[in-house]
Amino acid sequence: MPRSSHRTRPRPSWVGRGDLRQQDLVSRSRRAARWLQPGLVVKRWMLTSGIGLLLALLGAAVWADLQPIYWLLQAIRWSLQNVTQILPREITGPLVLLVGGGLIWLGQSRSFGTIQKALAPEKDTLLVDALAAKRRLNRGPSIVAIGGGTGLSTLLSGLKRYSSNLTAIVTVADDGGSSGVLRRELGVLPPGDIRNCLAALATEEPLLTRLFQYRFRAGTGLEGHSFGNLFLSALTSITGSLESAITASSRVLAVQGTVVPATNADVRLWAELEDGRRIEGESQIGHATSPIVRLGCTPERPPALPRALEAIAHADLIVLGPGSLYTSLLPNLLVPELVNAISRSKAPRLYICNLMTQPGETDGLDVEGHLRAIEAQLASLGVQQRLFNAVLAQEDLGDSPLVTHYRQRGAEPVICNSRRLRSQGYDVMLAPMQGARPSSTLRHDPRSVAVAVMRFFKRQKQDGRNAQAQ
């Protein structure tokens, strides 16, 4: 059954047909009035079309030695004389005005309805609402989100409600699962995290996004692979680069924003552990049995893509995280050009900390420990400047059966000592980022974390205005 823009609801017994018609008329009038709001870029082009039509008619009349204008005026004069002989002008004038206005309203409403059906035949959103939302998103801040894994895609799916000027800089160090197999067998960069970000930013039909995320559960050679990974890998072979494949996929999914790999180099991670051992591979680092002392990669100084550097240079806000500290976040900071671009940026820089520790990677680390690991990693690269001087952390989770379940698996809530961090010069913001709805996992909720990020950005913007006023 086709979906309509007005969903049918049961009518209360006390509501008559006249009341329903009146309510519908009021609703239609309000929607029509919304076309008058500024910024939709519709009225100016309608006015331009009207002026163009008048000029075209005037040009044709001048070309014809003004005879058409004379004939038109004579016809109008004759018509008005005959009409006013039947009805007085006090009645004829308003009647003709109402008929003309009705024809204009009918024509425009049918035109916009046809455009709506052509652009989104199965969507409930009205055209005026879609245009207003697009205007609001286009005027949103330029946000650069750096990371990888499910944390980055979660953040992006929340932020796309506030801005379409989003750039995701994604790590390409994954060597496990479907991405690892494609990387080894086809020689392509791992597409998994990029696929998740494209799906998170997609505005196309949900069915197409579900197809992109579909993972084969059977089939020799196909089991474990997602359709999106295979699609991106095939496009990489066709276009010659992952960056071009992402651009093509973005058009297919109508992605709201930009997804950029941190580097186009074949990066392989290694980590030095506290017990002196050295392990290689992103999939192995996530299961380290000793605390990680230092993270590195081969090649040692991978180049950054120009689009990533340009996005950072024009960013209004730079966000790192959430995500796995050593396998999703720090690999991006192993690209020297990215680090230099972030250090030069005057935009506010925010680190979003995880809700829980990750066994084998961040055991025993609180928020201060996560920040210390970031700064130690940068110091090993010769960077002494504090890149992220603001942190967004989870409010106290308290005790619950879900927290107990995580503790039994070796994870603990990441504790934030706000007073201690503020004494060290950090700007600390606490927020409930796990969401209000009960769930079976402790993860960042897209809407909740996006609300917290935008609240931080607005506060920074207001502080900047106050500083300029002083």
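A salt bridge is defined here as a side-chain nitrogen of Lys or Arg within 4 Å of a carboxyl oxygen of Asp or Glu. By this criterion, Arg183, Asp266 and Arg268 are linked in a network of salt bridges. The structure is a predicted model, in which local features need pLDDT of at least 70 and side-chain atom pairs count only at pLDDT 80 or more, while totals for chains, interfaces and linings use all residues. Residues are numbered from 1 along each chain as its sequence is written, and side-chain values use heavy atoms, with hydrogens and water left out.

Across the whole structure, 12 salt bridges are found. Helices (H or I, at least four residues) and strands (E, at least two) are DSSP runs, numbered from the N terminus. Asp266 also forms a salt bridge with Arg268, with the closest N and O atoms 3.5 Å apart. Accessibility is classed by relative accessible area, with buried under 20%, exposed over 50% and partly exposed in between (1.4 Å probe, protein chains only). Arg183 is buried at 3%, whereas Asp266 is partly exposed at 41% and Arg268 is partly exposed at 39%.

A further salt bridge joins Glu375 and Arg386, whose closest N and O atoms are 3.3 Å apart. Glu375 lies in helix H16 (residues 367–380) and Arg386 in the loop between H16 and strand S9 (390–394), so the pair ties together parts that are 11 residues apart in sequence. Glu375 is partly exposed, at 28% relative accessibility, and Arg386 is likewise partly exposed, at 29%.

Strands of a sheet pair through backbone hydrogen bonds, either parallel or antiparallel. Two strands are taken to pair if DSSP finds at least two bridges between them. An open sheet of 7 strands has the order S3-S2-S1-S7-S8-S9-S10, with parallel pairing. Strand S3 (258–261) and strand S10 (427–431) stand at its edges, each with a single partner strand, so one side of each has no neighbour in the sheet. From one strand to the next, the twist averages 20°; axes are lines fitted to C-alpha atoms, for helices over the stretch in contact, and angles run from 0 to 180 degrees between N-to-C directions. In this sheet, 5 bridges pair strand S1 (residues 143–147) with strand S2 (residues 166–170) in the parallel sense. Gly147 stands opposite Val170 in S2. Helix H8 (residues 192–201) packs on the sheet and touches S2 and S3, its direction making about 170° with that of S3; contact means heavy atoms within 4.5 Å.

Another open sheet, of 3 strands, has the order S5-S4-S6 and antiparallel pairing. Its edges are formed by strand S5 (278–280) and strand S6 (292–298), each of which has a single partner strand, so one side of each is left without a neighbour in the sheet. Neighbouring strands of this sheet are turned by 20° against each other on average, direction ignored. S4 and S5 run antiparallel and are joined by 3 bridges. Ala271 stands opposite Ile279 in S5.
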